[in-house]
Structure formats: C-alpha cells, structure tokens
Amino acid sequence: MRSIAAPTAGIVDADLVVPFEAAVTPATVREALLTVNGTTYEVPVRDGRVRQQVIAVPGNNRVALTVSHGGHTVSDATTFHLRGARAELMVLLAWPTEGEIIDLWVREPDGQTCKWDRRTTPRGGRLLDFSANAIGFGSQAYVTPEVHAGRYRIKVHYWSARGHDDERGPWTWRQAINALDDVEARLENSVGETRRTLLGRRAQLEAQLDRWAAPGAPQTRVRAEVVLFPNSPAERRWRFTRDVERTGQLLTLGDVTVDDAMIALARREIHAEVAP
C-alpha cells in the first residue's frame, strides 16, 4: 500500500522543484518506481517513506508511485498544476542503483557547460537535484528557460562506485605481478607441502589480477531523457542510454540539435494555444 502525501492535487507554486513525499507499507520495502510526466526511475524507500524532489514543468504534471512486494504491484498517482518558472528545455538523468556518484553535464550551443561545479550558465541553464541530501547523489536535471539554436551535448561523469566496490585493496597491480613472478620461479624447484602452498598462492594472485582486469564497479545503466518545449503542443523527446563502469569515466550520451526554424514554429504554436 502507498499514499502520496505531497504534492497534493491542485495548484502548486514552485520554481520547477517540487517536494515529493509518500508513505509505503510494509516498511521492509527498499525501493519504488517514481513516474513524473512519463519518465520513470527508481527511488529509495527508507523507514516506509519516499522523500524526493520532483522536477516539474509549468502547467499540468502527473506523478505516480509504484511499489512491488510479495508478488503484488500497487500504485498511487496525483495530478497538479505548477505555476512556476519557464522551461523550454529539460534534461532528466536517472540510474537504477543507490550510492553511485554520477554527475550530469550539459554543454550548451555557445560552449558553456552546466555541471556540478558550475550549476548555472550565463544563458540561464541550471543544474537541479532530485535528491535533497547531497550534490551528485541521486538523479539530476538540467533546465533552461529559453532554448537557443545549436547543439546541446549530454554527458555523464562517473565519479565513483558504491561503497568499497571500486577499491582494489592494499595491493597494486604491479605488486601482484611481481609476487606472481616470484611464486612461478619458486615453483620450478619446489616439492611436497611447499609446492602445494605455492600453488595455492599462485591461484590467489591470479584471482586478484582477474579482479583487477574486471570493471571497477558494477555496470550502471544511466538514462537521459531530453524534453524540448515540455508540456506544450510542440513538445519533443529524445532518450539516451549508456552503461558506465569505471571510476572517472566521462561519457557522451548524445546530442540534441535545435534550429531556428524549429524554435520559431514551436513558439508560434505555444502562443496560439495560450492566446485568448
């Protein structure tokens, strides 16, 4: 069972970021699916509560929470109208695991990049967090009030894996190689119990080197959804998906190119819709 406490149906005044809160039972549930205007991503459940920030769009928004437990799936939904800041372009980044530190980068047509250490740009681009507790943890969004002609490049920077999954222990690759060479040399003239011990040590070192060669962390699939002129007759969407697996990895998810004709047509359609 689940119950959305916020936002409530009706008119909400906010600057695109709307607090979301819901109660979930039983308290043993650890994750749920949150769907915001057609974009779905996983969110953590802690002590029977979901607390997130929803990146909403001016106008009508629909938010749904889905929980699966014991072979049953239940959901709850609410619709609200946001009176907030203008947004002609949004990029929503989500990934399905907790504890990953992943940052969204968006390079604007003039070459400016909106990211964790430059959360606003001269043209009004902003980086927003879904999670309220820390920069870089949880999903992120980029919004800009006015789209400009040119190419928007969507990237992700994978800072690190969860917990200790990306640590190789106190030994290094070179130390392991040297130790393996030493064991191989000693095996040439060993017998009996000494040989059995050395064989065990060789297997241990080979396993360590195998782990070193493997990805530094569980592969994490990131998904970016780009929404141009959201919640309007001219709305267009792009989706990009990639796997990240190595600490420090900087990946380009995709490009979205907008031209002057597309912008002019969309603004005419929006103006015609709102005109009395």
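Let's start with confidence: the protein has a mean pLDDT of 84, with 85% of its residues at 70 or more; pLDDT is the predictor's confidence in each residue, from 0 to 100. This is a predicted model, so local features need pLDDT of at least 70 and side-chain atom pairs count only at pLDDT 80 or more, while totals for chains, interfaces and linings use all residues. Residues are numbered from 1 along each chain as its sequence is written, and side-chain values use heavy atoms, leaving out hydrogens and water.

One stretch calls for care. Over residues 162-171, pLDDT stays under 50, and the model has 20 contacts (heavy atoms within 4.5 Å) for them beyond four places in sequence. Where pLDDT is low, the predicted coordinates should not be read in detail.

Now for the overall build. The protein has three helices and 17 strands, which are DSSP runs numbered from the N terminus (helices: H or I, at least four residues; strands: E, at least two). Of its 276 residues, 41% are buried, meaning under 20% relative accessible area with a 1.4 Å probe, protein chains only.

Note on methods. Buried means under 20% relative accessible area, exposed over 50%, partly exposed in between (1.4 Å probe, protein chains only).
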